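Reader: Before we look at any single feature, could you take me through this structure in the way you would read it yourself, giving the general idea and then the case at hand?

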Amino acid sequence: MSTSASDAGWMRTALGLARRGLGRVWPNPAVGCVIVAGNEVVGRGRTADGGRPHAEAAALAEAGARARGATAYVTLEPCVREGRAGPCTDALIASGVARVVIAIEDPDPRVSGAGLAALRAAGIEVEVGCLAADATALNRGFLRRVSTGRPMLTLKLAASLDGRIATGTGESRWITGPRARTEVHLLRAQSDAILVGAGTVRSDNPRLDVRELGMSDRSPVRVVVSGALSLPRDGHLAATASTAPLWLFHDIEADEGRRKAWSELGAELLEIPFQADGQLDLSAMMQRLGDRGITRVLCEGGGRLAAALIEDDLVDELVCYTAGLTLGASAVPAVGDLDITALQLAPRFSLMDVVAVGPDMRSRWQRRN
């Protein structure tokens, strides 16, 4: 589709609105909508926290009668399924908009193409593909879940120049500077869930919340994978298990006493099987997260969990913060043993961008499909 500068500009506004919903709207996608009459925005909205109301409903409510004859810019195909407020296609048709510009179709088989058909059948001009790449990138988590059943996984690494995350004695705070750490809180706020392993819980006593940027209300679901549930019950996670979601993935052989103790603290326990090699089935864990509506997972675990996720081909994106220091061979590696015997067997990622973050560097990589 040939996109005009005007359409692209309004769609960017809609995408900006949608981005505000990342980490807040699951299991729904983060969608933005802008309604333009002449050259004036008369309504704008994003999918609300928790997934309802949808972006189109919010924008139309603001526009009111001014929507008649206007153009609606929507970052994802409007829904045709009945919900608490009815399908968004019905609302757009009833509003009298003359034109709807859509970034991408919704791949959900319950919607895909049907929303476009309903709008066109009502005599509304429909165009699809405006800033499609941007919209696809924004909702990679939702699209991954629809296409594979599992959420998108971002592996965050904060390491020295030689790829180490702690000294040989275990000291790790802080390798990167305050600006990089603030950025990580933004990554957390834009994620539905944050994932770590039992080793990180035992060594760091993490909170796994958002404490900066004025977004303390945007903390994700805390997810810990611990086969034996060998986790300290006097740390931050235990203290907050009853007030903030804490999901613990464990194996079938986990001690019944530990299960009971964590359940009484308020954690939710989720059982996953072993793989043939005796390791926990992390693919099954990701599918369980997808079944529960999670679309975006940020992993901040240690080297062992990082290696296991890479080996199982579950890492969609790497976000690497690199500090200007070296720690040497005796320090703890960012990624554990991958048992790679030839370079051609090494998992490869494509570089997306590199930026300076204070004294550190951030590089972002995507899996090669």
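This is a predicted model: local features need pLDDT of at least 70, side-chain atom pairs count only at pLDDT 80 or more; totals for chains, interfaces and linings use all residues.

Reader: Let me begin with charged pairs: how many salt bridges does a search of the whole structure find?

Author: The general idea is that a salt bridge is counted when a side-chain nitrogen of Lys or Arg comes within 4 Å of a carboxyl oxygen of Asp or Glu. In this structure the search finds 20 salt bridges. One of them joins the side chains of R24 and D49, with N and O 2.7 Å apart; this pair links distant parts of the chain, since R24 sits in the loop between α1 and β1, and D49, 25 residues away, sits in the loop between β2 (40-46) and α2 (55-63). Both partners count as partly exposed, R24 with a relative accessible area of 22% and D49 with 37%.

Reader: Which parts of the chain are tied together by the pair R362 and E183?

Author: The side chains of R362 and E183 meet in a salt bridge with an N to O distance of 2.8 Å. R362 belongs to strand β16 (residues 360-367) and E183 to helix α7 (residues 178-189), so the bridge ties together parts that are 179 residues apart in sequence. R362 counts as buried, at 16% relative accessibility, whereas E183, at 24%, counts as partly exposed. For a further case, take D209 and R211, whose closest N and O atoms are 2.4 Å apart in their salt bridge; R211 is partly exposed, at 47%.

Reader: Which residues are linked in a network of salt bridges?

Author: The network links R144, R150, D313, D316 and R367. R144 also belongs to helix α6 (residues 140-148), where R140, G141, F142, L143 and R144 are buried. After α6 comes G149, which has a positive phi near 90 degrees.

Reader: Turning to burial, is A30 buried or exposed, and what is it in contact with beyond its sequence neighbours?

Author: A residue is called buried when its relative accessible area is under 20%, and A30, at 4%, is buried. Its place is in the loop between α1 (5-19) and β1 (32-37). Once neighbours within four places in sequence are set aside, the contacts of A30 are A18, G21, L22, V25, T75, L138 and N139.

Reader: Where does L76 lie, and how far apart in space are L76 and I102?

Author: L76 is part of strand β3 (residues 71-76), and it is buried, with a relative accessible area of 4%. The C-alpha atoms of L76 and I102 are 6.0 Å apart in space, although 26 residues separate the two in sequence.

Reader: On the surface, which residues form a nonpolar patch, and which gather in a patch of negative charge?

Author: The nonpolar patch is formed by L351, V354 and M361, which together have about 250 Å² of accessible area. V354 lies in strand β15 and is partly exposed, at 42% relative accessible area. The patch of negative charge gathers D277, E311, D337 and D339. Of these, D337 is found in the loop between β14 (332-333) and β15 (349-357), and it counts as exposed at 65% relative accessibility.

Reader: Finally, how should I read the backbone, and which residues other than glycine have a positive phi here?

Author: Among the cases with a positive phi are N205, at about 45 degrees, and L208, near 55 degrees. N205 lies in the loop between α8 (198-204) and β9 (221-225), and L208 is found in the loop between α8 and β9 as well. N205 is partly exposed, at 33%, while L208 is buried, at 2%.

Reader: Where are cis peptide bonds found?

Author: A cis peptide bond joins W26 and P27, with omega about 10 degrees, and P27 has its place in the loop between α1 and β1. The bond from R52 to P53 is also cis, with omega near -5 degrees, and P53 lies in the loop between β2 and α2.

Terms used:
Residues are numbered from 1 along each chain as its sequence is written. Side-chain values use heavy atoms; hydrogens and water are left out. Patches are made of residues with over 30% relative accessible area and no salt bridge: like charges are joined within 9 Å, nonpolar side chains (Val, Leu, Ile, Met, Phe, Trp, Tyr) within 5 Å. Accessible areas come from the Shrake-Rupley method with a 1.4 Å probe; for residues, only the protein chains shown count as cover. Lys and Arg count as positive and Asp and Glu as negative; His and the chain ends are not counted. The place of a charge is taken as NZ of Lys, CZ of Arg, CG of Asp or CD of Glu. Helices (H or I, at least four residues) and strands (E, at least two) are DSSP runs, numbered from the N terminus. Buried means under 20% relative accessible area, exposed over 50%, partly exposed in between (1.4 Å probe, protein chains only). Contact means heavy atoms within 4.5 Å.
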